[in-house]
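Subject: Structure handover

Hello,

Here is the structure I promised. Please open it and keep it beside this message while you read.

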Amino acid sequence: MAKSDEPKGWGPVPEPPPELFYAPPGEPLDDARRTAILDWTVNQYVVLGWRVESRSPTQAVLVRGGNVNHLLHAILTIFTCLLWGVVWIVLAMANKIERVALTVDPLGNVQTVHGPG
């Protein structure tokens, strides 16, 4: 993974997959090895707090962050005489969703594309 492709967030930077995932240089990988490389990479992101949104044998879309439950916060704000509204505003403004698509090419390289939130 190039420095610009590294996930931002908590914990250590993901390590590269073990060498047994790779075929000799220049030869394409079989589907089982490509899937194993993707599984290993997805696990590294999950450790950093990402969730799997969709998955195929050679591609995965991961997401971090989430939606604010506005109905719950509205009810809490009403029952606390508007005091909870401060918390609700902070959560709504700080909330952001990040997406990343991981694809394994036939040579076993993991391509990372950061998508819209």
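Start with Trp 50. Its relative accessible area is 4%, so Trp 50 counts as buried, because the cut-off for buried is under 20%. Bear in mind that this is a predicted model.

Next, the aromatic rings. A pair of such rings is described by the distance of the centres and the angle of the planes. A search of the whole structure finds one aromatic pair. Tyr 45 and Trp 50 are its partners. Their centres are 5.7 Å apart, and the planes make an angle of 75 degrees. That makes the pair edge-to-face. Tyr 45 is buried too, with a relative accessible area of 0%.

Now go to helix α2, which covers residues 70–79. Thr 77 is found there. Is Thr 77 buried or exposed? It is buried, at a relative accessible area of 8%. The side chain of Thr 77 reaches the backbone oxygen of His 73, at 2.7 Å. Leaving aside residues up to four places away in sequence, Thr 77 touches Leu 82, Leu 83, Trp 84, Gly 85 and Trp 88.

Last, the strands. β3 spans residues 98–104 and β4 spans residues 110–115. They run antiparallel. How many bridges join them? Six. Ala 101 stands opposite Val 113 in β4. The two strands form a hairpin, with five residues between them. Look at Gly 108 in the turn: its phi is positive, about 95 degrees.

Best wishes

Notes: Residues are numbered from 1 along each chain as its sequence is written. This is a predicted model: local features need pLDDT of at least 70, side-chain atom pairs count only at pLDDT 80 or more; totals for chains, interfaces and linings use all residues. Side-chain values use heavy atoms; hydrogens and water are left out. Helices (H or I, at least four residues) and strands (E, at least two) are DSSP runs, numbered from the N terminus. Buried means under 20% relative accessible area, exposed over 50%, partly exposed in between (1.4 Å probe, protein chains only). A polar contact is a pair of N or O atoms within 3.5 Å; within protein, one must be able to donate a hydrogen and the other to accept it, and residues adjacent in sequence count only if both atoms are side-chain atoms. Contact means heavy atoms within 4.5 Å. Rings of Phe, Tyr and Trp (its six-membered ring) pair if their centres lie within 6.5 Å; planes under 30 degrees apart count as stacked, over 60 as edge-to-face and the rest as tilted. Two strands pair if DSSP finds at least two bridges between them.
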